[in-house]
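Thanks for coming. I will go through one model, starting with the strands and ending with a single side chain.

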Amino acid sequence: MAMILLMLMVPLLCIAFCIYVGCLVNMIIYNSYDMFYILISVLISLLAFYGCLHFYFKSSPKNAKTLNYERYIPIYHGYFSFFLLLLLGLANLANYIIYQESVVNLFAGLLFFIIGIYVFIVFGINYKQETFFVSDIFEENKRILGLELNNDEGLVLEYYVDSKSKYKIGDRFSVKYHKHTKIIKNIGLIDENSRGEL
């Protein structure tokens with residue numbers, strides 16, 4: 001059922017996004033504002049994008065990798081929201097440069113553009129690498145174990161691994177993670193007998 005809903009959501013997302021981009025192109029080329037279509041296409045795009053993420057993970061096999069990514073659905077959805085805002089900002093700026101009719105377009109464009117770039121810099125590329133150790137191991141289900149990772153500053157991250165993995169409390173990992181969202185980009189066991197990157 002989830003796969004069927006995903007197949008319905010993907011075209012809906014593509015159509016709504018194309019309408020949104022078309023409205024922005026009209027704003028730039030023809031100085032034509034159709035706020036109704038812009039708002040409706042943004043709303044449908046956001047709902048369809050969330051549905052795509054949700055139903056994709058619903059239809060995916062439940063393993064440690066998908067479980068690690070599934071927890072960050074709201075963050076991915078937030079990135080998409082600010083991407084739409086960034087496009088709106090660029091369209092407003094382009095409209096002001098071409099027509100120079102409304103100072104509101106200049107301020108709105110600059111505001112949306114700055115917010116979009118800020119979100120990209122702060123929440124998109126702000127990763128750091130630190131050493132974490134396993135403070136607890138819990139069973140998510142018969143096939144998946146959860147590792148609770150702590151660093152020296154008391155930050156706690158969760159990471160899921162295959163239940164066949166032989167990790168123990170006290171194992172140390174080199175973890176590259178995002179400072180604000182706590183998304184783990186990659187993780188590797190620190191040991192001369194390391195089992196490599198997870």
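In which sense do strand β1 and strand β4 pair, and over how many bridges? Strand β1 (residues 127-141) and strand β4 (residues 172-178) are antiparallel, with seven bridges. Before going on: this is a predicted model, where local features need pLDDT of at least 70 and side-chain atom pairs count only at pLDDT 80 or more, while totals for chains, interfaces and linings use all residues. Residues are numbered from 1 along each chain as its sequence is written, and side-chain values use heavy atoms, leaving out hydrogens and water.

Helices (H or I, at least four residues) and strands (E, at least two) are DSSP runs, numbered from the N terminus. Two strands pair if DSSP finds at least two bridges between them.

Glu130 has Val175 in β4 as its bridge partner. β4 also runs antiparallel to strand β5 (residues 184-189), joined by five bridges; there, Tyr177 is partnered with Ile184 in β5. The hairpin of β4 and β5 has five residues between the strands, and Lys182 in this hairpin has a positive phi near 65 degrees.

Next, the cores. A nonpolar core is a set of buried Ala, Val, Leu, Ile, Met, Phe, Trp, Tyr and Cys residues joined through side-chain atoms within 4.5 Å; buried means under 20% relative accessible area, with a 1.4 Å probe and protein chains only. The largest has 22 residues, and Leu13, Tyr20, Leu24, Met27 and Ile38 touch the most other members. A second, separate core of 15 residues includes Leu145 and Tyr167.

Last, Asn68, in helix α3 (residues 64-70). Asn68 counts as buried because its relative accessibility is 8%. Its side chain reaches the backbone nitrogen of Tyr160 at 2.9 Å.

Terms used:
Buried means under 20% relative accessible area, exposed over 50%, partly exposed in between (1.4 Å probe, protein chains only). A polar contact is a pair of N or O atoms within 3.5 Å; within protein, one must be able to donate a hydrogen and the other to accept it, and residues adjacent in sequence count only if both atoms are side-chain atoms.
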